[in-house]
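This briefing covers selected local features of a predicted model. The points below are grouped by topic and may be read alongside the coordinates.

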Amino acid sequence: LAEKESAVKVAISEASAMACLLALLDTGSSAEREQAGAAVRNLSFDAEGVRAVVNNDGVGVLARRLADGTNSLQVSVTGALANLAAIDVGIRQEIVDEGAVPHLVSKLSDANAALQDRAAALLQSLSHESESRQAVILEAGAAAPLAGLLTSKHSFAAQGHSAAALRNLASIKCTAAKEAMATPPVVTALTQLVKRKGSTLHAKEQALGALWGLTYAPGNRDRVAATGAITVLVAL
């Protein structure tokens, strides 16, 4: 039912089913957690579903489940949190406060492509217009694995989310943080994405924004130039 029309989703949420689902996700068996996680993800695609999760203290439950469970459960939980963060800006800090960031960073290197994509999407939201959250994400070591998702072997969605997250992170005002972020692998991956013919326009725009943000730190300008970025920019 949770996969059906919006009106059905609202009815399920209003019937307090969300509270039951979150309880199963928190303390149920492995099989119950998997089913509950998928249902919560399906119900969190709109404002009504988000409100039901928040009203039942679901953000903490979802964040705690990032640390364990099967790949299927991890995809559902990460996807649900990504939905929440994309729809409700106010939830983003709570997700960070619940300790989600280190778990998300580890998922960027997971073998499961869907999990990588959802983790990158969530980090994109969490890193948007918040110096404090950007600092937490960078300190957790997110820049390198995000850059690793920019290559052509990853989906267009993963490339776009990762490039956007890096653009957000590169907007941090702290010069030392910008310089620490601009390692050769990160800057090279951004330049190569812009250069690659198969990249989407959205991903290219985000990568260009990340490079631009990094060059606000004077020490990064030679690093960016060393990747051949000037030639790439002139050719655009």
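Seven positions of helix α14 are named here by their burial: Val186, Val187, Ala189, Leu190, Thr191, Leu193 and Val194 are buried in this predicted model. The cover over the buried residues of α14 includes α11, α12, α13, α15, α16 and α17.

**Helix α14 and its surroundings**
- Helix α14 spans residues 184-195 and has 12 residues.
- From first C-alpha to last, α14 reaches 16 Å, close to the 16 Å expected at 1.5 Å a residue.
- Among the elements covering its buried residues are α12 (156-170) and α15 (201-214), together with α17 (229-235).
- In an α-helix there are 3.6 residues a turn, so residues three or four places apart point the same way.

**Ala235 in helix α17**
- Ala235 belongs to helix α17.
- The relative accessible area of Ala235 is 65%, and Ala235 is therefore exposed, the cut-off being over 50%.
- Ala235 and Lys195 are separated by 40 residues in sequence, while their C-alpha atoms are 8.8 Å apart in space.

**Positive phi in two loops**
- Most residues other than glycine have a negative phi.
- Asp57, although not a glycine, has a positive phi of about 55°; Asp57 is located in the loop between α4 (47-55) and α5 (58-64).
- Asp57 counts as exposed because its relative accessibility is 60%.
- Glu129, also not a glycine, has a positive phi of about 50°, and Glu129 is located in the loop between α9 (113-126) and α10 (131-139).
- Glu129 counts as exposed because its relative accessibility is 71%.

Terms used:
Residues numbered from 1 in each chain as written. Predicted model: local features only at pLDDT ≥ 70, side-chain atom pairs only at ≥ 80, totals over all residues. Heavy atoms only, no water. Helix = DSSP H or I, 4+ residues; strand = E, 2+ residues; numbered from the N terminus. Expected span 1.5 Å × (residues − 1). Buried < 20%, exposed > 50% of the residue type's maximum accessible area, 1.4 Å probe, protein only. Contact = heavy atoms within 4.5 Å.
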